[in-house]
Amino acid sequence: ADVTSHNTPNDKRYIEVNLPSGNAFRFKVKAKNDAHVGLFPTRPINPNGAFYEIVLSGWANKQSVIRRGSQRKNRVTKSTRGMLNANEYRDFWVMQDIQGNVRVGKGSVEGKNEIMRWLDPNPMKIEAFGIMTGWGATGVWKIEESGSEVEDCAGGGR
């Protein structure tokens, strides 16, 4: 798989990242706090509209959330103290499964070590991804262009 590198400044502005596969992506990021990933229903991305905002270790590297729009209400909140590191890449994956769950986890295996998930009552189809840092943090990202469809491996019956 090809890997693209991106740098995000401390400016709270989403940068659209181009990915061929629709429902999941894997990435590594170096940031001291507030690595934001946006899952957008339109291309080009519109950070003023509705989208899934995933905040990885905001609040001074203490807490992660999923929201439906920039700075909107936290739909899921998780304590993730020390999860990010400014000097060391940390691996994450983000996906939307067939049921519409927005899921995020640690590591490089999609579906494993899940941190958070949220099922939107009105799921949006994801067309584009964006990345952003701010609140004192810059980010260095490596994003893997995954060519395969992801199976939902949450186990169990339907």
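In this tour, two residues are in contact when heavy atoms of theirs lie within 4.5 Å, and the model you have open is a predicted one.

Begin by selecting Ser57, which lies in strand 5 and counts as buried, with a relative accessibility of 0%. Leaving aside its neighbours within four places in sequence, Ser57 is in contact with Asn33, Asp34, Lys62, Gln63, Ser64, Thr80, Met83 and Leu84.

Next, show strand 5 (residues 52-57) together with strand 6 (residues 63-68), which run antiparallel and are joined by four bridges; here Glu53 stands opposite Arg67 of strand 6. Strand 6 also pairs with strand 7 (residues 74-79), again in the antiparallel sense, over five bridges, and Gln63 has Ser79 in strand 7 as its bridge partner. In the hairpin of strands 6 and 7, where five residues lie between the strands, select Gly69, which takes a positive phi near 125°.

Now turn to charged side chains and select Glu16 with Arg43, which meet in a salt bridge of 3.1 Å, N to O. Because Glu16 lies in strand 2 and Arg43 in the loop between strand 4 and strand 5, the pair ties together parts that are 27 residues apart in sequence. Glu16 is partly exposed, at 30% relative accessible area, and Arg43 is partly exposed too, at 43%.

Finally, select Arg103 and Asp97, which form a salt bridge with their closest N and O atoms 3.6 Å apart, and both of these residues are buried.

Methods. Residues are numbered from 1 along each chain as its sequence is written. This is a predicted model: local features need pLDDT of at least 70, side-chain atom pairs count only at pLDDT 80 or more; totals for chains, interfaces and linings use all residues. Side-chain values use heavy atoms; hydrogens and water are left out. Two strands pair if DSSP finds at least two bridges between them. Helices (H or I, at least four residues) and strands (E, at least two) are DSSP runs, numbered from the N terminus. Buried means under 20% relative accessible area, exposed over 50%, partly exposed in between (1.4 Å probe, protein chains only). A salt bridge is a side-chain nitrogen of Lys or Arg within 4 Å of a carboxyl oxygen of Asp or Glu.
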